[in-house]
Amino acid sequence: KRLAILASGSGSNAEKIMEYFQHSHQAEVALVASNKTDAFVLERAKKFGVQTFTFSRKEMEAGILTQKLIDENIDWVILAGFLLKIPDELTRTFSDRMVNIHPALLPKYGGKGMYGMHVHQAVKAAGDAETGITIHLVNEHYDEGRIIFQASTPIGPEDSPEDIAQRVHALEHAHFPRVIGELIGA
Ligand code: GRF
């Protein structure tokens, strides 16, 4: 199975996924693609010897990214901190073969705008007793694809959004690579 990771930022999740599959015979991370030419995830990919590809939003919307994924015989698309809305044409091409991770317990705190520290500030402001991660398939309706896995962590009254972000990130690293492996049978 050939995996492509789409990421817009640091790529700590991408790094964990590349580590997890680096000796696998069933799956390999064949491509790391980003809409940001300066995204640190590209450096992480180079360290693992993984091909990188950068594109603009306009190019993505013109189908350039979809064509690249097809040309590279990609089987699964992993969104790991990818901040653009996936065009419907790309979602349809990889229907039920595209996975995203969201740093909250969907359906709560889903949708546009809920990324980075915003989501943890919202959870804190709402006084929720817990938060967590959601790994789900991507469909045309943003964060509403079939939920594959969720894990939660309690929120204490003294927790800052930064504390929450740190614990949620740890949950992502602990679970995302394995959940992908189970999903793709690798
Ligand atoms: C993670 O918090 C993930 O839940 C969200 O974007 C962030 C990516 O972090 N979608 P990193 O770039 O993998 O460190």
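Visitor: To start, which residue has an N or O atom in its side chain that is 3.1 Å from an oxygen atom of the ligand?

Guide: That's His169: an N or O atom in the side chain of His169 is 3.1 Å from an oxygen atom of the ligand. Keep in mind that this is a predicted model. The protein covers 83% of the 370 Å² of accessible area that the ligand has on its own.

Now look for the backbone contacts. At Gly11, a backbone N or O atom lies 2.7 Å from a ligand oxygen.

Around the ligand you'll find Ser10, Gly11, Ser12 and Asn13, then Gly81, Ile101 and Pro103, and finally His169 and Glu172. Sort that shell by type and you get 6 polar residues, 2 nonpolar ones and 1 charged one. Two helices, H1 (12–21) and H7 (161–184), each supply at least two of the shell residues. And the spot itself? The ligand takes up the space of the largest pocket.

The side chain of Glu15 meets the side chain of Lys47 in a salt bridge, with 2.8 Å from N to O. Glu15 belongs to helix H1 and Lys47 to helix H2 (residues 40–47), so this pair ties together parts that are 32 residues apart in sequence. If you're wondering about the idea behind it, side chains of opposite charge can pair when their charged atoms come close. The count of salt bridges comes to 9.

Back to the shell, where Ile101 is one of the ligand's neighbours. From strand E5 (98–102), a loop runs to helix H6 (117–126), and Pro107 lies in that loop. Check the bond between Leu106 and Pro107: that peptide bond is cis, with omega about 10 degrees. Tyr109 is in the loop between E5 and H6 as well, and its phi is positive, near 55 degrees, though Tyr109 is not a glycine.

Asp96 isn't a glycine either, yet its phi is positive, about 65 degrees.

Conventions: Residues are numbered from 1 along each chain as its sequence is written. This is a predicted model: local features need pLDDT of at least 70, side-chain atom pairs count only at pLDDT 80 or more; totals for chains, interfaces and linings use all residues. Side-chain values use heavy atoms; hydrogens and water are left out. A residue is near a molecule or strand if one of its heavy atoms lies within 4 Å of it. A polar contact is a pair of N or O atoms within 3.5 Å; within protein, one must be able to donate a hydrogen and the other to accept it, and residues adjacent in sequence count only if both atoms are side-chain atoms. Accessible areas come from the Shrake-Rupley method with a 1.4 Å probe; for residues, only the protein chains shown count as cover. On a 1 Å grid over the protein atoms alone, a cavity is a set of points where a 1.4 Å probe fits but cannot get out, and a pocket is an open set with protein on both sides within 12 Å along at least five of seven lines; lining residues have an atom within 4 Å of a point. A molecule sits in a cavity or pocket if more than half of its atoms lie within 2 Å of its grid points. Helices (H or I, at least four residues) and strands (E, at least two) are DSSP runs, numbered from the N terminus. Ala, Val, Leu, Ile, Met, Phe, Trp, Tyr, Cys and Pro count as nonpolar, Asp, Glu, Lys and Arg as charged, and the others, Gly among them, as polar. A salt bridge is a side-chain nitrogen of Lys or Arg within 4 Å of a carboxyl oxygen of Asp or Glu.
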